[in-house]
Amino acid sequence: MRRIKFRLKRIFLYIAIIIIMFCVIAPFLWTIISSISTNKELLSVPVHFIPENPTFERYKAIFTSDDTKVVAFKRGIINSFIVSSGVTIVCLVIGTFAGYAFARLKFPRKNMTLQFFLFTNMIPPIVIIIAIYFIFSKLDMLDSVISLILLYSSFITPFVIWMMRSYFVTIPADLEEAAMIDGCNRIGALFRIIIPLSTPGLVANGILAFLMSWEEFLFALILTTSKAKTITVAIAEFTGKQYVDYGLMATGGVIGAIIPVLITLIFGRYIIKGLTSGAVKG
Amino acid sequence: MKRRRINLGNIGEKVITPIIFLLPSLSVYLVFTFGTLIYSFVLSFTDYDGLSSRFNFIGLANYIKLFKDATFYIALKNNVIWAAVSLIVPMFLGLFLAVLVDRKIRGENIFKSIFYLPQTLSFVVIGVIWSWVYEPTKGIINSTLSAIGLDSLAQQWIGDPGLTIYSLVLTGAWQITGYTMVLYLAGLRSISQDVIEASRIDGANNWQSFWYVVYPMLRNIRTVVIATIIINSFKIFDLVFTMTQGGPGEASNVLALFMYKEAFWKFRMSYGTAISVIQFLIIFIVVAVYLSRTIRQEGEV
């Protein structure tokens with residue numbers, strides 16, 4: 001009897017999870033379906049939930065057409081790759097050193113400095129956008145991939161510092177001390193002992209930094225005009241109000257979602273593990 | 001001789017190493033975040049328009065104008081609605097999901113990743129996807145409603161001025177729930193099983209041990225979740241920009257979008273900075289309250 005009750009509870013649990021999961025996934029599915037439906041089907045009443053003649057014409061069009069918007073879209077994908085990879089590298093290097101300093105070194109005003117980082121992490125970037133625009137236009141730094149890398153890094157590093165600090169704190173200090181007694185200096189111990197042990201943390205933070213810069217929109221919208229446009233700006237323009245072709249709009253959405261979705265499905269476990277361990281210590 | 005060397009080593013360890021480790025981050029920081037923040041304050045007292053390179057100081061004129069601007073109050077109200085709804089829906093749904101996936105179930109990692117999925121998408125892509133979901137005749141919501149004979153419930157989800165902001169918040173909730181789930185999951189994992197078992201031995205049922213033991217112990221995490229949600233609600237921009245651009249009329253305008261339109265469409269840069277200063281002050285108060293609470297809690301431990 002108890003066993004049956006337990007079974008029933010489990011079944012309800014799975015049903016609840018599957019219903020919520022459907023709500024999460026439905027908008028994605030709908031977009032994918034729309035992107036491969038023919039225009040005739042998209043406009044037919046009642047709506048077809050399963051396309052009768054799936055077509056990949058729109059995807060082909062996006063990768064072969066010479067239309068200026070399509071070209072900008074492709075350019076945007078490349079730019080976003082450059083910017084996000086750059087930001088990931090900068091954040092991991094700076095974040096590792098600073099996170100280590102906060103986890104291990106003793107120095108005056110350590111807590112105050114850490115709180116300063118935490119505080120600035122909470123300043124919404126939107127507050128300083130006009131000042132940034134003003135300064136960048138004076139320094140002739142508008143519409144440049146390098147400017148975006150610098151800027152994004154400055155917003156994402158505090159987050160990485162905080163997460164790496166939480167990660168380093170969990171590694172026993174004895175290991176390093178042993179290495180230092182054996183003749184390693186601090187930098188040597190960091191590279192030989194701490195970093196190899198923190199690979200999962202570095203991977204999680206790297207992915208998060210990559211995704212955060214991949215999805216940034218406001219700064220890219222304001223600071224780029226043509227050659228440094230990122231994918232988010234390209235999608236926004238590509239799918240702007242003037243476009244009435246819903247199929248093409250959905251296709252843009254699918255292409256924009258592919259990379260984050262793949263990264264999440266492959267590395268989701270690490271990201272969530274990294275986030276939870278950081279949050280507990282925080 | 002030997003002693004002196006040790007002293008020097010200590011100085012190096014205490015002063016020079018931290019400087020070397022922190023210099024890159026601190027310098028990037030001071031220039032970008034702190035410098036520009038102060039500069040924003042300065043600009044808000046000028047008549048800078050973004051076109052001419054000269055500007056004059058005009059005192060509080062921008063702020064006076066702002067407090068008389070009807071759009072400002074619409075935008076502020078929408079941000080408050082955003083925060084209020086987000087403090088109900090994703091807060092509790094996130095907790096619910098965390099409790100669900102925290103039970104040892106099969107495929108736990110897959111479920112977690114899928115629930116977290118919307119969080120990793122950019123708002124622009126989410127905006128595209130959801131504009132299509134809300135589309136009045138072809139969108140999935142209205143077509144499903146008409147397919148099951150409930151045409152009367154079909155709405156102009158983002159075309160109706162009274163409804164738009166709520167439709168947008170719902171989309172925002174869809175995005176942020178995965179994140180609140182992860183935070184709560186962290187909290188649940190940090191609670192030792194012994195405490196829960198002790199309550200069971202004392203005769204508490206599932207629900208009681210959750211409500212009287214687990215829920216109060218999630219207090220710290222709850223503070224983080226609340227602060228994150230409020231801060232996010234006051235900086236929302238991308239979603240509104242891609243889905244409605246503040247329309248119809250000003251019905252779904254929010255502070256960030258209001259600032260953007262004033263500064264970059266109407267070339268009233270200094271007026272825009274005044275808006276962002278107000279936005280900063282709101283978030284600053286939330287953060288200050290949050291930080292003082294966490295510091296006090298750390299002091300207790």
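Q: Which residues of chain A form a nonpolar patch on the surface?
A: In this predicted model, they are A:Ile4, A:Leu8, A:Ile11, A:Phe12, A:Ile15 and A:Ile19, and together they have about 600 Å² of accessible area. A patch takes residues with over 30% relative accessible area and no salt bridge, joining nonpolar side chains (Val, Leu, Ile, Met, Phe, Trp, Tyr) within 5 Å and like charges within 9 Å. A salt bridge is a side-chain nitrogen of Lys or Arg within 4 Å of a carboxyl oxygen of Asp or Glu. Accessible areas come from the Shrake-Rupley method with a 1.4 Å probe, and for residues only the protein chains shown count as cover.

Q: Where does A:Ile4 lie?
A: Look in helix H1 of chain A, residues 2-35. Helices here are DSSP runs (H or I, at least four residues), numbered from the N terminus.

Q: What should I know about phi?
A: Most residues other than glycine have a negative phi. Here A:Asp140, although not a glycine, has a positive phi of about 60°. You will find A:Asp140 in the loop between helix H6 (129-138) and helix H7 (145-169) of chain A. B:Phe267 is not a glycine either, yet its phi is positive, about 55°. B:Phe267 sits in the loop between helix H12 (255-265) and helix H13 (269-300) of chain B.

Q: Why does A:Asp140 count as exposed?
A: Because its relative accessibility is 68%; exposed means over 50%, buried under 20%, and partly exposed in between (1.4 Å probe, protein chains only). B:Phe267, at 39%, therefore counts as partly exposed.

Q: How are residues and chains labelled?
A: Residues are numbered from 1 along each chain as its sequence is written, and chains are lettered from A in the order in which they are written. Local features need pLDDT of at least 70 in this predicted model, and side-chain values use heavy atoms, leaving out hydrogens and water.

Methods: Predicted model: local features only at pLDDT ≥ 70, side-chain atom pairs only at ≥ 80, totals over all residues. Helix = DSSP H or I, 4+ residues; strand = E, 2+ residues; numbered from the N terminus.
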